[in-house]
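Please examine the sequence and the structure shown below.

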Amino acid sequence: MNVPEAPFEFFTVAYLTRIGNQSAGNLEELLAGLEQCSDASIFHHTFQTLGSHHFLTEGFSNDFAQWALAEANRDALAEQFAALDIRDYTSIAALRADLCRVLRDFITAFPQFSHQEALDRFYFCESVEETMPFSLTATNLDEFRHGVASISHASFHFHFVTSRLRLQFRTNDFSRWLAASLGLNSLAETINRIDIYTNTLDSARAKMLRLVDRERRKYEHDSNPAQDSAR
Amino acid sequence: MSTIQIPPRIPLDDYSSVIGAGEVAELRTLAKPLAGRSVVMINSTAVGGGVAEILNRLVPLAEELGINIRWEVMTGGEDFFEVTKSFHNALHGAPYHPEQRHFDIFRAYNEKNAKRLPLDAEFMIIHDPQPSGLISYRGGNGNHWVWRCHIDLSHPHPAVWKFLENYVPHYDAAIFSSPEFAKQLPIPQYLFHPAIDPLSEKNRDIPPEFILDVLARYGIDHLRPILTQISRFDRLKDPVGVIRAYRIVRRYFDCQLVLAGGGASDDPEGATVLKEAQNAAEGDPDIKLLELPQWAPLEVNALQRASTIVIQKSLREGFGLTVSEALWKRKPVVASAVGGIPTQIIHKHTGLLAHSVEGTAYQIRFLLSHPDIAGRLGERGHQHVKENFLITQNLKRYLTLFLKLGKSS
C-alpha cells in the first residue's frame, strides 16, 4: 500500500430545494420542461432524489420515472426513464440529452398520449448545494474506514454518487483516492461496482466497509505472515 | 407579545440513537459558522397546531447548537383571530366575502405587534399569514426576512392572496411545504417539509400495556382490525367521507373505525362537524368518535400504534403531518392525494393514495387482504420519514438556509 500524498478529506453536504417556475401536466409539457430547466433541476430530480429515497430499492430510480408511472400512468415510459443509470453520466448535459431522447421517442411512438393530462402536475425544483469540510481526514486505510463509518448519509452520497459530476470520471471520490493515493486499484474498482440502485445508502456503506476490512486483513497478513501461519 | 418558554429540552445527542451519530455530527458541523448569530421565529400561537408543535422542538435544538434563537408569538384580539381564521379558510379555497374592515384589522394588529416584537435579528422567520405584515416594519440593518407559509395556497381566494401580495414579495425568500403551493413571486421559493419529533410523547416508543389500556378505555377491541383517522373535526378532513369508506369496507371485513381528534369543544365549526359525524355513524358501536383533550399526545400515539391501517382522507391539506406520524410507527397508510400527502405517500412504495370514498375503501380492503404488503409499505414509510420528515432534517434545512442567506449579505 502506498503512502498517500494527500489525505482524503470528508465533506458534508446539505441541500435546499428551490421551487422552480416550471411545471408539467402532460408529456409534451414535461419535454418542454426537460429541455429548458436548469442543470440544478436535472440534478435534483435524478442524483439528489436517489439520495433522499435510497431506502426504496425496488423500482424507484428518479422523479421523472416515478411521475410517469404514478401520475401519467405510462408504465413503458417510466421503465425507460428508470433504466437511465446516473452512474453512466459525468455531465448533466449528457443526462438531460438522454432524458429528452427517451421522452421524444415515446411521444413519437405514442402521440396519442402526449397531451393526456396527468393526475398531478410535475413541479420542476432545483437543488441548492452547501458543502463544508467534516473535520475528518484519512491518511491510511484505518482512518479511511473510520471516516466512512462516521459520516452522514448525505456525505456518503456526495462522495460516492454525485462525485462523478465533479470528477468527470465514471468513478467516485472513495475509489479515486484509494487507487490514486494508496495504490489499491482492485479495491477501488470493486467499491465502484457497488450498485446504488439495489442497495440503500446503509447497505452500500456496509458493503464498502466489508471490502475495506478484507483489504486491511490482507495487509495485516502480508506484513506479518509468520503470525498467521503460527495460528 | 410573549416570548415562549420552551418545554424541557431533549439533548441533540439523544437523536443519535434514532438517526445515527453521523447525522448529528453533520448538524454540529453545519451549525459551527452560525454560532452566536441571531434568529427570531414569529408565529401566532404558542400551543395547538402543527407550527407550534414544530417550533417547540426546533428552537431548543437550534439553541443547543449555539444559535441565538428566540420564538415570539404575536398577540391579537378576537377580532384579529376571526379575520385571520377567515383568511386561512379563504386561502384554502373556502368562500369568503372580503370587507375592507377585515384588512384594516389585519394591518392594525401587525402594526401593534411590530412595535413590541424584536425585528432586528439577523434571520427573521415569519410563520404563516397572520404576522406576514410585519415585513412592512423591516429596519435598515440588512437582516434577512423569510416567510414560512405552512398552508395550501394552490387555490387561494383571489382577494386574500392579492392582499397578502402587498407583503410577501418584500421578503428575501418564501418557504412552502409543497411545490404545488408556491406562487409566481419575484423572490426565491424553497421547499421545506414539516417534521415530526421521534422522541416526543406523540411519537416515541410506548409500552404495549399502555396501548391496550387506551384501547380498553375507549372500548376498542384489540382483536379486530382497527382503522383510524387522527385529525381535527373539520370538514376539510372529511370525517363523514371516512365513515362512508368504512361502511364499504365493513361489507367485507369485521373491522372498527376510530376518528379521534380535538377541535370540537373550542371551535363552533368543529362541534358542528362532530355532530355531522355522529349522525353519519348512526349509533354504530364499532365507530368510535373520540374528542381528545388538548390532543393528548400519548393517547394519539397509542391509537396510531394500535391501528391496523391509518387513514387520512383529507379534501385539502397543508402537509398532513399525521401521515408522517403513522408512517413513523410503521403503519400502512391510505390517504388522499392532496396537499403535501403525496410527498409522504409515494404511491405503492410508502403507502397507498386514493382520490374518492370508493377508492379509499378499495385500498383499505386491499391492505386488509394483503398484510404482507401492508407491512412492507409501513416499513418503507418508516424509512421515508427517517430520511425526510424528522425534526433533525427540518433543522438541517434551516441551518442550510441561514448559511446561504448569510453568504448573500
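This is a predicted model: local features need pLDDT of at least 70, side-chain atom pairs count only at pLDDT 80 or more; totals for chains, interfaces and linings use all residues.

Residues are numbered from 1 along each chain as its sequence is written, while chains are lettered from A and ligands numbered from 1 in the order in which they are written.

**Nonpolar core**

- A nonpolar core is a set of buried Ala, Val, Leu, Ile, Met, Phe, Trp, Tyr and Cys residues joined through C-beta atoms within 7 Å.
- A residue is buried if 20 or more other C-beta atoms lie within 10 Å of its own, exposed if 12 or fewer, and partly exposed in between, with C-beta atoms placed from the backbone.
- The largest nonpolar core contains 176 residues, and Ala68(A), Val39(B) and Val334(B) have the most contacts inside it.
- Strand β1 (residues 8-24) of chain A gives the most to this core, namely eight residues; helices (H or I, at least four residues) and strands (E, at least two) are DSSP runs, numbered from the N terminus.
- In soluble globular proteins, nonpolar side chains tend to be buried together.

**A sheet in chain B**

- Six strands of chain B form an open sheet in the order β10-β9-β8-β11-β12-β13, with parallel pairing; two strands pair if DSSP finds at least two bridges between them.
- The edges are β10 (287-291) and β13 (352-354) of chain B, each with a single partner strand, so one side of each has no neighbour in the sheet.
- Strands β11 (residues 309-312) and β12 (residues 333-336) of chain B run parallel and are joined by three bridges.
- Within β12(B), Ala335(B) stands opposite Gln312(B).
- Helix α10 (residues 297-306) of chain B packs on the sheet, where it touches β8 (226-230), β9 (256-261) and β11 of chain B; two residues are in contact if their C-beta atoms, placed from the backbone, lie within 7 Å.

**Contact between chains A and B**

- In this interface, 27 residues of chain A are in contact with 31 residues of chain B.
- On the side of chain A that touches chain B, the elements giving two or more residues are β1, α3 (63-70), β2 (122-138) and α7 of chain A.
- Strand β1(A) pairs with strand β7 (residues 189-191) of chain B in the antiparallel sense over two bridges.
- Arg18(A) has Tyr190(B) in β7(B) as its bridge partner.

**Single residues**

- Thr162(A) belongs to helix α7 (residues 153-167) of chain A, and Thr162(A) is buried because 22 other C-beta atoms lie within 10 Å.
- Gly381(B) is located in helix α14 (residues 371-388) of chain B, and Gly381(B) counts as buried because it has 28 C-beta neighbours inside 10 Å.
- Most residues other than glycine have a negative phi.
- Arg330(B), although not a glycine, has a positive phi of about 65°; Arg330(B) lies in the loop between α11 and β12 of chain B.
- Asp128(B), also not a glycine, has a positive phi of about 70°, and Asp128(B) lies in the loop between β4 (123-127) and β5 (144-148) of chain B.

How values were computed:
Axes are lines fitted to C-alpha atoms, for helices over the stretch in contact, and angles run from 0 to 180 degrees between N-to-C directions.
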